[in-house]
There are 2 protein chains.
Amino acid sequence: MSPLPIVRALDDLRRGLAVWRAEGLRIALVPTMGALHEGHLSLVRLARQKADRVVASIFVNPTQFAPSEDFQAYPRDEAHDAKLLAETGCDLLYAPPTDDVYPEGFATAVTVAGVSAPLEGASRPQHFGGVATVVAKLLIRIAPDVAVFGEKDYQQLLVVRRLVRDLDFPVEIVGAPTVRAGDGLALSSRNAYLSESERAVAGRLNTALRSTAEALLRGDPVDAVEARALACLDKAGFSAVDYLEVRDAESLARLGPGPVDRPARVLAAVRVGKTRLIDNWAV
Amino acid sequence: MSPLPIVRALDDLRRGLAVWRAEGLRIALVPTMGALHEGHLSLVRLARQKADRVVASIFVNPTQFAPSEDFQAYPRDEAHDAKLLAETGCDLLYAPPTDDVYPEGFATAVTVAGVSAPLEGASRPQHFGGVATVVAKLLIRIAPDVAVFGEKDYQQLLVVRRLVRDLDFPVEIVGAPTVRAGDGLALSSRNAYLSESERAVAGRLNTALRSTAEALLRGDPVDAVEARALACLDKAGFSAVDYLEVRDAESLARLGPGPVDRPARVLAAVRVGKTRLIDNWAV
């Protein structure tokens, strides 16, 4: 296994990509914040199927964290990440320094209204502005033919799809299924924060989402199902429930109180100790 | 003179540009809102010197007009514009329909803080947001190697430079000198609104800017020179003066009250009857 080339400077990145492009190769991007797990690696594998070359980026984007959040504590281990990426068939790691992405005087923001507003947008008001800006920058820097995002961050995937449509990026956005542990817990870099007892509680989030979806498919009304799921999460040992809601799968608009009549998604955010977890499930 | 090819659909545009790009040709963009005059044509000529192919765009961008402004009345004559562009050596006119640029559900905004805030930004609060968003879209749609903007809209040029730097667009931004009538009036599509008597008054804007710059170069203090220029504009017959200010030429930051000690720019916006005119002059 030869070591993965790591590029930090934009000029070097563009020079490398230009060579591939001149050869007519199709380029995929897998944007990450590092601390890679099997979920990220599944994105890389999907990207490989969609393109001739796979670029992964690692950038812990400060602008999508609120001051109270875990930007400083966010796990970082580039050497280990690079090893995993090389083993998974990634061709290039792009890991720019923070002051290269946001140099002195940086003043531009990209915002997406609508799908950004509820749920994560309500819990983390600046979050999707930071995401949209850095994703726009990565798409302009790398100009990939395809970019792969995990369905784990379902609302983020919708924000990115809207951004790409609205700004006319010539890129195909691919959503990849969530990779889960045996008890259903969605893999997340933040799972590393969980103690053993917290880890046991965490798995119940997915159980609640799954039973919510099953109840909706049986025809139970949205409002009753949501209330039942919230009660269930309350009893499950979570320290807080930010939200659990059934929403339109495309627009994230609220649904009427009755049975679901169109593609929907159950989305939730909870806290276990100090760790915030999100997950979602298709209906 | 063969007629200028006019492209309206994004797919057609990208197909055409891909052919040029495959031939290794350098592509310049001259973004306009139509109602072309000698000022625009000078941008096309400059673009020709900088690239192998020149694309002009005509798009009267609704999002950079406030509801009270002249979006509906803004002069439109595409056939005449296309004739002028063909005679000036433009290779392609890109004229997308409004609902192609902003389709149903459009929800993304690009904003530039800092240089967008004062002057035009204070007079027209949504203006530069609309400009930044549409310029970002044009740069993503066309992906030119170089784009030419007039110094007539000096603050806009600074906003575009900041946008391009911040979002990492691989494009060279060229500012082109303002083209003026014999009495110094900067050419503008909005000059068409002026009556004969208003036209006579309009020329005095540039006179005031020029004497302001001369006084500053003589070492007169900024505050006194600004006050004198405002008094002069008041007496010149303008119906209103939105602003006349001496600012840092790069950041548009306010200068101290004393003599200028760095590159500066005098910028002004006035009204003649119902017509709003802007101009600026280097110090």
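In chain A, six strands form an open sheet in the order β1-β4-β3-β2-β6-β7, with parallel pairing; strands here are DSSP runs (E, at least two residues) and helices are DSSP runs (H or I, at least four residues), numbered from the N terminus, and two strands pair if DSSP finds at least two bridges between them. The model is a predicted one, in which local features need pLDDT of at least 70 and side-chain atom pairs count only at pLDDT 80 or more, while totals for chains, interfaces and linings use all residues. Residues are numbered from 1 along each chain as its sequence is written, and chains are lettered from A and ligands numbered from 1 in the order in which they are written.

- The edge strands in chain A are β1 (6-7) and β7 (172-176), each of which pairs on one side only.
- Chain B also has an open sheet of 6 strands, in the order β1-β4-β3-β2-β6-β7 and with parallel pairing; β1 (6-7) and β7 (172-176) of chain B stand at its edges with a single partner strand each, so one side of each is left without a neighbour in the sheet.
- In chain A, β3 (residues 53-58) is joined to β4 (residues 92-94) by 3 bridges in the parallel sense, and Val55(A) stands opposite Leu92(A) in β4(A).
- In chain B, 3 bridges likewise join β3 (residues 53-58) to β4 (residues 92-94), which run parallel, and Ser57(B) has Tyr94(B) as its bridge partner in β4(B).

**Strand β2 of chain A**

- Strand β2(A), residues 27-32, is largely enclosed by the rest of the structure, because 6 of its 6 residues are buried, a residue being buried if 20 or more other C-beta atoms, placed from the backbone, lie within 10 Å of its own, exposed if 12 or fewer do, and partly exposed in between.
- In a regular strand the side chains alternate between the two faces of the sheet. Both faces of β2(A) are covered, with Ile27(A), Leu29(A) and Pro31(A) buried on one side and Ala28(A), Val30(A) and Thr32(A) buried on the other.
- Pairing between β2(A) and β3(A) is parallel and extends over 6 bridges, with Pro31(A) opposite Ser57(A) in β3(A).
- Strand β2(A) is also joined to β6(A), residues 146-150, by 2 bridges in a parallel arrangement, and the bridge partner of Ala28(A) in β6(A) is Val146(A).
- Together with helix α2 (residues 38-50) of chain A, β2(A) and β3(A) make a right-handed β-α-β unit; a crossover is right-handed if, with the strands pointing away from the viewer, the path from the first strand over the helix to the second runs clockwise.

**Relation and contact of the two chains**

- Chain A can be laid on chain B with an RMSD of 0.0 Å by a turn of 180 degrees and a shift of 0.0 Å along the axis, where copies are superposed by least squares on the C-alpha atoms of residues with pLDDT of at least 70 in both. The two copies are thus related as by a two-fold rotation axis, and in chain A the C-alpha nearest that axis, at 2.3 Å, belongs to Val110(A).
- The contact takes 22 residues from chain A and 22 residues from chain B, two residues being in contact if their C-beta atoms, placed from the backbone, lie within 7 Å.
- On the side of chain A that touches chain B, the elements giving two or more residues are α1 (10-22), β5 (108-112), α6 (127-142) and α7 (154-167), and the largest share, 5 residues, comes from β5(A).
- Strand β5(A) is joined to β5(B), residues 108-112, by 5 bridges in an antiparallel arrangement, and Thr108(A) stands opposite Val112(B).

- Not counting residues up to four places away in sequence, Leu163(B) touches Thr108(A), Val110(B), Val112(B), Ala132(B), Val135(B) and Ala136(B).
- Ala35(A), in the loop between β2 and α2 of chain A, has a positive phi near 50 degrees although it is not a glycine, and Ala35(A) is buried, with 20 other C-beta atoms within 10 Å.
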